[in-house]
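I opened the model to look up an annotated site and its surroundings. My notes follow.

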Amino acid sequence: ATNRTFTMIKPDAVSNGHIGAILNDIIAAGFKIIAMKYTSLTAETAGQFYAVHAERPFYGELVSFMSSGPIVAAILEKDNAVEDFRKLIGATDPSKAEPGTIRNKYAKSIDANAVHGSDSDENAEIEGRFFFNAFERH
Ligand code: CMP
């Protein structure tokens with residue numbers, strides 16, 4: 001079924017100049033852009049966005065990294081969007097990401113891993129609403 005996922009191009013990929021290449025890969029893979037913005041997270045909003053990870057050992061590093069510079073946030077639509085987007089970006093740890101995946105091509109480390117992708121339809125909806133109101137979804 002056609003459904004939606006949510007992504008962020010993370011501060012590492014933005015500062016390394018990969019916004020255009022990553023958007024090209026996303027569009028070439030058949031995803032339609034429903035909403036998109038160039039923005040940034042504060043420590044507070046990053047902490048809220050990643051609240052599900054609050055008890056994990058990497059939470060502090062994650063929040064500090066995600067609030068370290070601008071990001072691109074987007075809602076994407078495609079048949080089987082959540083699963084297909086996770087295949088397109090590759091494993092969370094870029095050293096384990098398959099050749100050709102976005103993280104294999106553009107990521108440096110498990111924190112600076114270039115992109116975020118929702119892990120379920122439910123989280124895609126929650127994450128999309130965190131960044132975009134109804135007027136910003138097209
Ligand atoms: P993301 O998909 O944005 O969701 C949570 C992020 O935490 C993840 O990408 C990684 O960048 C980061 N992270 C850091 N360490 C770990 C870890 N051990 N397991 C999972 N995610 C991690």
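I looked up the contacts of T92 first: leaving aside neighbours within four places in sequence, T92 is in contact with I110 and N113. I count two residues as in contact if their C-beta atoms, placed from the backbone, lie within 7 Å.

This is a predicted model, in which local features need pLDDT of at least 70 and side-chain atom pairs count only at pLDDT 80 or more, while totals for chains, interfaces and linings use all residues. Residues are numbered from 1 along each chain as its sequence is written.

I placed T92 in the loop between α5 (81–89) and α6 (102–106); helices are DSSP runs of H or I, at least four residues, and strands runs of E, at least two, numbered from the N terminus. T92 counts as partly exposed because it has 15 C-beta neighbours inside 10 Å. The cut-offs are 20 or more other C-beta atoms within 10 Å for buried, 12 or fewer for exposed, and partly exposed in between, with C-beta atoms placed from the backbone.

I then checked R103, which sits in helix α6. R103 has 24 C-beta neighbours inside 10 Å and therefore counts as buried. Beyond four places in sequence, its contacts include I89, P94 and N113.

In UniProt, an unreviewed entry puts "binding site" at K10, F58, R86, T92, R103 and N113. I note that such annotations may be inferred rather than shown by experiment; positions use the numbering here and feature names are shortened.

Buried residues make up 35% of the 138 residues.
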